[in-house]
Amino acid sequence: MLGELLNNALAHLPDGGSIDVTVLDPGDGTAQVVVADTGAGFDPADAERIFDRFHRGAGAGDRRYGLGLALLREVVTSHGGTITADAHPGAGASFTVRLPTAHPPARRGRS
């Protein structure tokens, strides 16, 4: 998950840009990872659609979204988590992943 987010950030990072990774424990039974970059960003209207397979954003020109973010969302949700994207056109983007820190104990059948 982290590798895919970093690869995505690197693909959109200009020379001299930066990537910040923050890991938080908000105290609600989840771990939160935020990957933020100083790349070109994207249209805020695409914040949900960039997770769709092969979505191409408005004004994307030759920039296409492929399978990476779509598959990443599938992996995150299969582990009970969520992923969101925030756009900062011309100033980068940030992706926030929230994953449960522990699963509740499995229920045992009644005897």
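**Exercise 1.** Determine which side chain forms a salt bridge with Arg53, and state which parts of the chain the pair ties together.

*Solution.* In this predicted model, the side chains of Arg53 and Glu74 meet in a salt bridge, at 2.6 Å from N to O. A nitrogen-to-oxygen separation within 4 Å is what the criterion requires. Next, locate the two residues: Arg53 lies in the loop between strand 2 and helix 2, and Glu74 in helix 2, so the pair ties together parts that are 21 residues apart in sequence. Finally, consider accessibility. Arg53 is partly exposed, with a relative accessible area of 46%, and Glu74 is likewise partly exposed, at 39%.

**Exercise 2.** State how many salt bridges the whole structure contains, and characterise those that involve Glu48 and Arg49.

*Solution.* A search of the whole structure finds three salt bridges.

1. Glu48 and Arg73 meet through their side chains at 2.4 Å, N to O. Glu48 belongs to the loop between strand 2 and helix 2, whereas Arg73 belongs to helix 2, so this pair ties together parts that are 25 residues apart in sequence. The relative accessible area of Glu48 is 48%, which makes Glu48 partly exposed.
2. Arg49 and Asp46 form a salt bridge at 3.0 Å, N to O. Arg49 is partly exposed, at 37% relative accessibility, but Asp46 is buried, with a relative accessible area of 2%. The cut-off for a buried residue is under 20%.

As a general principle, side chains of opposite charge can pair when their charged atoms come close.

**Exercise 3.** Identify the buried residues of helix 2 and explain why they lie on the same side of the helix.

*Solution.* The buried residues in helix 2 are Leu69, Ala70, Leu72, Arg73 and Val76. They cover an arc of only 160° around the axis, which puts them on the same side of helix 2. The cover over these buried residues includes helix 1, strand 3 and strand 4. After helix 2 comes Gly80, whose phi is positive, near 80°.

**Exercise 4.** Describe the largest nonpolar core and the contacts of Phe95.

*Solution.* The largest nonpolar core has 17 residues. Within this core, the residues with the most contacts are Leu5, Phe42, Ile50, Phe51, Ile83 and Phe95. At least two residues each are supplied by helix 1, strand 2 (30–37), helix 2 (68–78), strand 3 (82–88) and strand 4 (92–100). For Phe95, set aside the neighbours within four places in sequence; the residues in contact with Phe95 then include Leu5, Phe42, Ile50, Phe51 and Leu69, as well as Asn8 and Thr84.

**Exercise 5.** Which residues make the nonpolar surface patch that includes Leu2?

*Solution.* The patch is made by Met1, Leu2, Val21 and Val23, and has an area of about 320 Å². Leu2 is placed in helix 1 (residues 2–11). With a relative accessible area of 34%, Leu2 is partly exposed; membership of a patch requires over 30%.

How values were computed:
Residues numbered from 1 in each chain as written. Predicted model: local features only at pLDDT ≥ 70, side-chain atom pairs only at ≥ 80, totals over all residues. Heavy atoms only, no water. Patch = residues over 30% accessible without salt bridge, like charges linked within 9 Å, V, L, I, M, F, W, Y side chains within 5 Å. Areas by Shrake-Rupley, 256 points an atom, 1.4 Å probe, with all protein chains shown as cover. Helix = DSSP H or I, 4+ residues; strand = E, 2+ residues; numbered from the N terminus. Buried < 20%, exposed > 50% of the residue type's maximum accessible area, 1.4 Å probe, protein only. Core = buried A, V, L, I, M, F, W, Y, C linked by side-chain atoms within 4.5 Å. Contact = heavy atoms within 4.5 Å. Arc of directions from axis to C-beta.
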